[in-house]
Amino acid sequence: MAIALEKFQQQGGRIATDDLDFDAFRSDPLHPDVLRCLAYMHDIEYQTVLYTREMLMTKAWKDPEMTGFITLWNYEEYWHGQALGQVLAAHDIPAHQPRLVAMRSWNEHYLRWSPALFWFLGTAIGSFPAVHMTWGAINEWTANAGYNRLALIADHPVLTELLGRIMRQEGRHAAFYAAKARDLLIDDRRAQRVTRWFLRHQWEPVGSGDVPKLETDFTTAYLFGGVEGGELVDRVEARIDALPGLRGLNLVRPAIAASIAAMLVV
Ligand SMILES: [Fe+2]
Ligand SMILES: [Fe+2]
């Protein structure tokens, strides 16, 4: 049963950052590798508005609960991007609009056509909402695991507090997506088959294709390459396994292994 939109309205909104001391990064800066991951996350958080554009090309527009969720989700993710941009700016790394202009121009060809692609998929494939909701849940789970790892690796009090606040919102996003996915997958063998096919053949870590592959590989390998990262990935795999009809996909582990292998040859 999907979580109520009212709960989302009551608990959601712009993430609080006014009380955080971003100047602390000037005297106690983050490691360049941590900043590279943060830049990746900044880009992907801000990309949510373009994911929104794609979602609204599917039949999601028909369901007021979905459009309500998309509105609030998009707003919250925007402020995640804004907050991470403040961390980058405190290290004199370009953030916000200049990064996004460059990113959208790099990916212009795909972005020009992606609404048409999603319209086609959403119209031609009856079970596409199940694919989309499952995909969203996996991306939120992996984003949450990524923030968890980054906070532990960086071990900086201001970043830990900021990422903790972001993670609480990501957890709600994941819960909504997963509940919707469960509703659409349960007792629907066709939806399960279609979703398994898309995940197996098309799924890649969140942000793949939005930024150069090297950045996805770096962030994925850096955050999940070690033992602690592997344990978090196991938890994500267990959550995917628990969705109706999706047991045994083994989706995230091979993607991480591929990123690690790609980084070894760079
Ligand atoms: Fe986010
Ligand atoms: Fe999220």
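Helices, contacts and loops

Reply: Helix H9 (residues 157–185) has 29 residues and reaches 41 Å from its first C-alpha to its last, close to the 42 Å expected at 1.5 Å a residue. That expected span is 1.5 Å times one less than the number of residues, and the helices themselves (H or I, at least four residues) are DSSP runs numbered from the N terminus. This is a predicted model, in which local features need pLDDT of at least 70 and side-chain atom pairs count only at pLDDT 80 or more, while totals for chains, interfaces and linings use all residues. Residues are numbered from 1 along each chain as its sequence is written, and chains are lettered from A and ligands numbered from 1 in the order in which they are written.

Me: How many residues has helix H5, and what span does it reach?

Reply: Helix H5 (residues 64–90) has 27 residues, and from its first C-alpha to its last it reaches 40 Å, close to the expected 39 Å.

Me: How is the packing of two helices described?

Reply: Two packed helices are described by the angle between their axes and the distance between the axes. Here the axes are lines fitted to C-alpha atoms, for helices over the stretch in contact, and the angles run from 0 to 180 degrees between N-to-C directions. Helix H8 (residues 128–154) and helix H12 (residues 227–242) pack at an angle of about 160°, with axes 10 Å apart. H8 and H12 are therefore roughly antiparallel to each other, given that angles under 35 degrees count as roughly parallel, over 145 as roughly antiparallel, 65 to 115 as roughly perpendicular and the rest as oblique.

Me: Which residues of H8 and H12 make the contact?

Reply: Two residues are in contact if their C-beta atoms, placed from the backbone, lie within 7 Å. H8 contributes Ile-138, Trp-141, Thr-142, Ala-145, Asn-148 and Arg-149, while H12 contributes Glu-228, Gly-229, Leu-232, Val-233, Val-236, Arg-239 and Ile-240. By class, the contact of H8 with H12 has seven nonpolar, three polar and three charged residues, where Ala, Val, Leu, Ile, Met, Phe, Trp, Tyr, Cys and Pro count as nonpolar, Asp, Glu, Lys and Arg as charged, and the others, Gly among them, as polar.

Me: At what angle do H3 and H11 pack?

Reply: Helix H3 (residues 32–46) and helix H11 (residues 213–224) pack at about 120°, with their axes 10 Å apart, and H3 and H11 are therefore oblique to each other. The contact is made by Asp-33, Arg-36, Cys-37 and Tyr-40 of H3, together with Glu-215, Phe-218, Thr-219, Tyr-222 and Leu-223 of H11. These residues of H3 and H11 divide into five nonpolar, one polar and three charged.

Me: Where does Asp-187 lie, and is Asp-187 buried or exposed?

Reply: A residue is buried if 20 or more other C-beta atoms lie within 10 Å of its own, exposed if 12 or fewer, and partly exposed in between, with C-beta atoms placed from the backbone. Asp-187 lies in the loop between H9 and helix H10 (189–202), and Asp-187 is exposed, because 10 other C-beta atoms lie within 10 Å. Its phi is near 60°, a positive value in a residue other than glycine.

Me: Which loop holds Asn-250, and which holds His-96?

Reply: Asn-250 lies in the loop between H12 and H13, has a positive phi near 50°, and counts as exposed with 12 C-beta neighbours inside 10 Å. His-96 is found in the loop between H5 and helix H6 (97–106), and His-96 is partly exposed, because 16 other C-beta atoms lie within 10 Å.

Notes:
Helix = DSSP H or I, 4+ residues; strand = E, 2+ residues; numbered from the N terminus.
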